[in-house]
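Please open the model in the viewer and keep the selection tool at hand.

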Amino acid sequence: MFTALLQGPFMGVADYPAFCAAVLIFLALPGPGTFALLTSTAKGGLRAGAAATAGIILGDQLLLWLAVAGVAALLAAWPLVFEAVRWAGAGYLAWIGWQLLRPRAPGQAPASPVRIEPRHYLRQTLLITLLNPKAIVFYMAFFPLFISPAHHQGLRTFALMAVTIAAITAAYCLLLCAFAGVVAAQVRAHHRLARLLERAAGLCLIGFGLRLLRP
């Protein structure tokens, strides 16, 4: 099986190692999900980071299978629907960013766009992922690059790609959470630095919201 992975199409995936590398590179590119993941870990610890990771994976899987079903083509055929999703995503990111930026009275606890319970962090990253219309277009364009028409096995091929994406995302995000947890523990001892980083995260999220509105 290992030889098949390296030498040719594997279960309909034309170049499985290259597919895995492409997924990892895509994850390494900073995006709204990455900043939400880091913020969740800093505020709620590793449990919150793990929940946020689950939200990202769930959102990716939903978008992935919607792309397989051709929803991206439907959005392209209905521009108003596509625009509504874009504005909703931008608005949600801007709202989260504002929660991190808004002024607070001295001694007030750090602002949090959601409660501390892990399920809220899961819901937050799930919504951020689903409300990013560029993600579903990415999946629609990404899949054909790695599918071998001569060896495609239908649902089995897509299932392999879906499971691979979920596994790589889980490993990468949990490692990122572990790193963020260590850094956050050091930052909490320096309140001014913590507030500065919190505001930086807020600006980044608002910036990603504005980027969603670019054509």
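A patch is made of residues with over 30% relative accessible area and no salt bridge, where like charges are joined within 9 Å and nonpolar side chains (Val, Leu, Ile, Met, Phe, Trp, Tyr) within 5 Å. A salt bridge is a side-chain nitrogen of Lys or Arg within 4 Å of a carboxyl oxygen of Asp or Glu. Accessible areas come from the Shrake-Rupley method with a 1.4 Å probe, and for residues only the protein chains shown count as cover.

The model is predicted: local features need pLDDT of at least 70, side-chain atom pairs count only at pLDDT 80 or more, and totals for chains, interfaces and linings use all residues. Residues are numbered from 1 along each chain as its sequence is written, and side-chain values use heavy atoms, with hydrogens and water left out.

**First selection: the surface patch**

Select I25, F26 and L29, which form a nonpolar surface patch with about 300 Å² of accessible area together. L29 lies in the loop between helix 2 (16-28) and helix 3 (32-68); helices are DSSP runs of H or I of at least four residues, numbered from the N terminus. Is L29 buried or exposed? L29 is exposed, because its relative accessible area is 53%, and exposed means over 50%, buried under 20%, and partly exposed in between (1.4 Å probe, protein chains only).

**Second selection: a pocket**

A pocket is an open set of points on a 1 Å grid over the protein atoms alone, with protein on both sides within 12 Å along at least five of seven lines; a cavity is a set where a 1.4 Å probe fits but cannot get out, and lining residues have an atom within 4 Å of a point. Grid points are joined across faces, edges and corners, and a volume is the space filled by probe spheres set on the points.

The second largest pocket has a volume of about 590 Å³. Of its 24 lining residues, select the closest to the centre: F26, L29, G31, P32 and N132. Helix 3 gives the most to this lining, with six residues.

The whole structure holds one cavity of 30 Å³ or more. The largest cavity has a volume of about 50 Å³. Select its lining: V23, F26, L27, D60, F138, Y139, F142, I165 and T169.

Select F19 in helix 2. F19 is buried, because its relative accessible area is 0%.

Methods:
Helix = DSSP H or I, 4+ residues; strand = E, 2+ residues; numbered from the N terminus.
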